[in-house]
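Dear colleague,

Please find the structure below.

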Amino acid sequence: MENNNIFEPSKIKQNCTTDSNAIVDEIIRSVKEHNPSANTDMIYTAYRLAKWSHQNQFRKSGAPYIEHPVQVAYIASQLSMDATTITACMLHDVVEDTPYSYENIETLFGPNVALLVDGVTKLKKIKYNTREEQQVDNLRKMFFAMAKDIRVIIIKLIDRLHNMRTLNFMPRKKQLLISKETLDVYAPLAHRLGMSKIKIELEDLALKYLDPIAYEEIRTSINQKKEEREEYITGLMKTLREILSDAEIKCEVSGRAKHFYSIFRKMFTQNKTMDELYDLFAVRVIVDSVSDCYAVLGLVHEHYTPVPMRFKDYIAMPKPNMYKSLHTTVIGPNGTPFEIQIRTWEMHRIAEEGIAAHWKYKEGKSGSNDMDNTLSWVRQLLDTQQSVLDTDDFFNTLRCDLFADEVFVFTPQGRVISLPAGSTVIDFAFLIHTQVGCKMSGAKVNGKIVPNSYVVQNGEIVEILTANNHGPSRDWINLCRTTNAKNKINQWFKKEKREENIEHGNELIERELRRLGNTRSQLFRPEWMSLVTKKYGFNTLDDLIAAVGYGGISAQKVVMRLRNNWTAEIEAEEKRKQLDAVFENGSSPSQISPAPIKRTSDKGIIVKGISNCLVNLASCCTPVPGDSIVGFITKGKGVSIHRSDCPNINPDNLQEQDRARFIDVEWDMSKATLTEAKLRIEVLDRDGVLMEITNILSTLKIPFKSVNAYVMKNGIAVITLGVELRNTSDLALLTKKIKQIHGVRTVSRETK
């Protein structure tokens, strides 16, 4: 039975306590085996420099720090990486943790090593408001470096793997943060690079710390019936060897146990116990040629009954991460289904090591090859992340780009295109080429015209119809699934329709001004506009208004920021008038009374210009103290307070006479009371998740009023939680804590 741990774990465990010099000698021997002309002197020099620069530093375990870069370099050597990469592995923490700089590394080892070291070096000199902001900038920096040299992410994955192996020495809080980041970012990256062994070990180690109870239950359960399962799989393997031997097919047959995280996901998505899972093991057949693969498939289907809809031909249609294999599920001797994977030795090497098996940057080689096309997703990922500023949006789009299930469709020429599940023909068009998307006039699927909203399915042939006089429509943004297509559409409007964008932006701003009861002359003062333009990173006022027009920034944000200046000026002027009046009357400044234009209701709301007014918080959007709000005068029920982004008060949906019923309101934070809000949580269905959520509420001392939950067909539980909050800070903290729970996909405010 194969071991799922990577790179001879017994040797690595032994190496952890072995003199680092001996490990470096082994690394150099390994490098010379696959490339006798490699510059191993550079590796040894890097080791000596790292050892000297880290000499007074120690790991949390108490071990000398040099053990970590040496182990990272050792794993890289087992992947047959080149001398440049292994040198960078030795030095990957030198710039971050020692006085040596990027320039020092470049001088000593050259620009290639310096680029790799810089790519994996975290940003520490910049001050950040939150850990999430720093995390986003570190990841964005890494993606930029990946686009220049993919070896950056290979080093980072190996670095993360060794850190996860030694995570038991870290505090519990750090274990959770690092494990969640590993599961959210690094394991999916390893998957996209085809590095399955690294991906598997990262997922299993992350599960061990994120849900230790589930991890231990799975481990114990597997061990309890290990002999019974191994006896069963051994019988299957023996039968297969006999069948293939009779057919004179040279092969290797082995058993492969599913890894813990895979079992964990299957248990909770399918709501099954360990006893109900029969496919905990798969049989793998490795042969010499592609023709042998299909011959083996035919023999397997002759002797075992195949399960309908469970055959996948990844040889004819490889995965985007280069994975090739035949997968079929058949019924075993006792009626139990089991999976068989059939591949060649070359396919097996790629499946295990991914991009490392195809490495093109070995000494003496240069130029582009098929790997450039394979890695095009790295540049697409970079494109989609550059314009995302909000940390939550960054991680949401990242999860979408890395985690999404895939569908495979064909161009009319037979080219296989991979898209995230749920993609439309518009996403397909922009993935083919930006100009194809921009000139798209329609689409055909399997020869039939379909609407632009059509969601493509596996195996369909998609043809995009184009016309030179065509351009994207603004409503395409809502039809797209991929951030790549959305960005390309926004870029087109930004570039091609500047005058139209400015006109549309002015219309949106005027509409927002009317909604709030302001005029352009009140708010659009040059000094205020200059500040707002710089705040959002635009050079001119026209650039800002054009961005509003093509959807780069909302009119509401711009107007509300200007309006805050206007409100502050009115209040300051009122205070000045009071002071002047006091001094003219010969009174003391202590006699100044508050401005009469504000009155606070029992809801903690100031309705400007009105006192003793009935105020109600709208149940459709449940505003919380600190939210941007607007008042709407109702008939007989006083002023209804809505969040500014509530769709029920969108001016476009109101009659002309109703648009005059808006009134200025604001929170009196000193008198704000507990306010109910509803959260919608989507989470992987599993036992105990609701208890984890209520424990967070208890810890934060946030009372909850109601809870409702149901499970969708895909195994995702939807929980609607009614809570009482003091302000938006409570809301932000609660949302952040819930997002840290394992399996949580989204947390959002509910608006009816």
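**Charges over rings**

R59 lies over the face of Y65, 5.8 Å from the ring centre; a charge counts as over a ring if NZ of Lys or CZ of Arg is within 6 Å of the ring centre and within 35 degrees of the ring normal. Likewise, R520 lies over the face of F524, at 4.3 Å from the ring centre.

This is a predicted model, in which local features need pLDDT of at least 70 and side-chain atom pairs count only at pLDDT 80 or more, while totals for chains, interfaces and linings use all residues. Residues are numbered from 1 along each chain as its sequence is written, and side-chain values use heavy atoms, with hydrogens and water left out.

**Aromatic pairs**

The structure holds six aromatic pairs (rings of Phe, Tyr and Trp, the last by its six-membered ring, with centres within 6.5 Å; planes under 30 degrees apart are stacked, over 60 edge-to-face, the rest tilted). In one of them, the ring centres of Y44 and Y47 are 6.1 Å apart and the planes stand at 55°, so the pair is tilted. Y47 is buried, at 0% relative accessibility, whereas Y44 is partly exposed at 37% (buried means under 20% relative accessible area, exposed over 50%, partly exposed in between, with a 1.4 Å probe and protein chains only).

The rings of Y215 and F260 have their centres 5.1 Å apart and their planes at 70°, so this pair is edge-to-face. Y215 is buried at 15% relative accessibility, and F260 is buried at 16%.

Yours sincerely
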